Amino acid sequence: MRTDYLWLIGLMLFWASPAAAQRQRQDSAGAVQADSLRHRIEERFASRVQERLGLTSDQTAKLRATSQTFGARRRELHDRERRLREALSRQLQPGIAAQPDSVARLTDALIELKQQSAQVARDEMKEVARYLNPVQRARLFMMREQFSHRVKQAHGRHWMGRRHKHKDRSWM
Amino acid sequence: MSECTRLSDRIPVIASGRSEWMPEEMDHLRICGSCRREWELVQLTQRLGDGQLPELDANLMTSVLVRQLAVSRQSRRRKWSLVGLAAAAGVAALLWTGNRSLPRVDGAESTVEHPAVAALQIPLPELDGLQPVELDSLLRIMDAPVDNTALENPELDDLDSAELEAVLESWEG
């Protein structure tokens with residue numbers, strides 16, 4: 001019981017310390033900045049899609065509805081994938097013995113998730129084919145592919161920079 | 001009141017389904033070309049939009065037409081006014097139908113300008129895990145032209161020696 005109190009007091013002191021407060025402020029500012037940037041990127045991407053596909057107002061409304069529906073499904077899959085990858089990375093840390101059952105389960109789940117993502121993409125393209133003509137649909141598909149490529153590029157640049165800086169090789 | 005004028009008054013009532021032709025009226029329609037054309041025109045107007053505009057309510061259209069005809073009859077009881085109104089209603093219905101539900105031809109991109117186009121929103125879950133510095137970098141490069149060959153997921157066999165060197169460097173650090 002006494003140990004619990006000591007823990008609690010220690011935790012409170014930690015959070016109350018100026019360093020912790022500053023860290024909290026930085027995290028919060030970082031989250032706000034990230035949200036703002038995400039919003040700007042989504043807005044710009046949508047604007048480019050609208051412009052390059054030459055969407056009518058009716059098509060815009062329909063694509064917006066489709067994107068909301070499938071966006072929610074893709075977000076859910078994306079979150080699951082991130083959690084699975086994190087769990088797998090923890091299992092594969094150098095110097096720590098991996099649990100074969102867990103690793104097998106996580107790997108299978110990741111492969112299954114890739115299939116589900118492909119199915120969602122297929123369903124979404126089928127849905128947009130109802131109101132976009134083949135050229136518009138192909139443009140949308142290519143723009144999405146290019147965007148994913150850009151995301152990987154941006155992530156890769158940052159990751160490579162960090163790796164060169166810290167010589168972090170835990171991913172191997 | 002002549003038989004033609006009486007039939008003119010009866011046409012909207014019968015067109016809206018609130019009554020039916022009497023045998024003597026049918027006989028008159030058979031022998032009077034003017035009344036028959038008037039009846040045919042109203043029938044044609046009623047059918048406009050069939051199969052093209054499912055949400056167009058035929059009964060509503062008929063009642064609007066009948067109301068217009070009734071108003072018109074008060075000022076001009078001659079059949080030309082009926083013909084004019086029926087034709088105008090027909091043209092209006094045709095324009096409305098054509099505007100709203102003509103199917104778009106696949107392969108043809110729209111060139112019509114829509115003044116009030118709602119903003120499109122496309123959620124991008126790929127962005128969720130990115131740090132501000134990565135998002136900032138993405139914002140700067142997202143409009144740059146993309147070499148489509150870069151999207152093809154090349155295998156090692158597709159790479160030249162410089163690219164292979166770069167891969168080796170990235171793996172060995």
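Visitor: Let me start with two helices: is the crossing in which α1(B) passes α2(B) left-handed or right-handed?

Guide: The crossing of α1(B) past α2(B) is left-handed. That label is used if the near helix is turned anticlockwise from the far one by less than a right angle, and right-handed is used if it is turned clockwise. Before we go on: this is a predicted model, where local features need pLDDT of at least 70 and side-chain atom pairs count only at pLDDT 80 or more, while totals for chains, interfaces and linings use all residues. Residues are numbered from 1 along each chain as its sequence is written, chains are lettered from A and ligands numbered from 1 in the order in which they are written, and side-chain values use heavy atoms, with hydrogens and water left out.

Visitor: Why are α1(B) and α2(B) called roughly perpendicular?

Guide: The axes of α1 (residues 3-15) and α2 (residues 23-31) of chain B cross at roughly 110 degrees and come within 11 Å. Axes here are lines fitted to C-alpha atoms, for helices over the stretch in contact, and angles run from 0 to 180 degrees between N-to-C directions. Angles of 65 to 115 degrees count as roughly perpendicular, those under 35 as roughly parallel, those over 145 as roughly antiparallel and the rest as oblique. The angle falls in the 65 to 115 range, so α1(B) and α2(B) are roughly perpendicular.

Visitor: What makes α3(A) roughly antiparallel to α4(A)?

Guide: Here α3(A) and α4(A) pack at about 165 degrees, with axes 10 Å apart. That angle puts the pair in the roughly antiparallel class. The crossing of α3(A) past α4(A) is left-handed.

Visitor: What counts as a helix here, and how many helices and strands does chain B have?

Guide: Helices (H or I, at least four residues) and strands (E, at least two) are DSSP runs, numbered from the N terminus. By that rule chain B has seven helices and zero strands, and chain A has five helices and zero strands.

Visitor: Why does B:L29 count as buried?

Guide: Buried means under 20% relative accessible area, exposed means over 50%, and partly exposed lies in between (1.4 Å probe, protein chains only). B:L29, in helix α2 of chain B, has 8% relative accessibility, so it counts as buried. B:L29 is 25 residues from B:C4 in sequence, and their C-alpha atoms are 9.1 Å apart. Of the 173 residues of chain B, 33% are buried, and for the 172 residues of chain A the figure is 28%.

Visitor: What is the N to O distance between A:E124 and A:R144?

Guide: Their side chains meet in a salt bridge at 3.5 Å. This pair links distant parts of the chain, with A:E124 in α4 (residues 100-128) and A:R144 in α5 (residues 134-166) of chain A, 20 residues apart. Both A:E124 and A:R144 are buried. A further salt bridge joins A:E127 and A:R130 at 3.7 Å; A:E127 is partly exposed at 28%, while A:R130 is exposed at 69%. Salt bridges with shared partners also join A:R74, A:E124 and A:R144 into one network. Over all chains, the search finds 12 salt bridges.

Visitor: Last one: why does B:L156 count as exposed?

Guide: B:L156 has 54% relative accessibility, so it counts as exposed. B:L156 sits in the loop between α6 (132-141) and α7 (161-172) of chain B.

Definitions and conventions. Salt bridge = Lys/Arg side-chain N within 4 Å of Asp/Glu carboxyl O.
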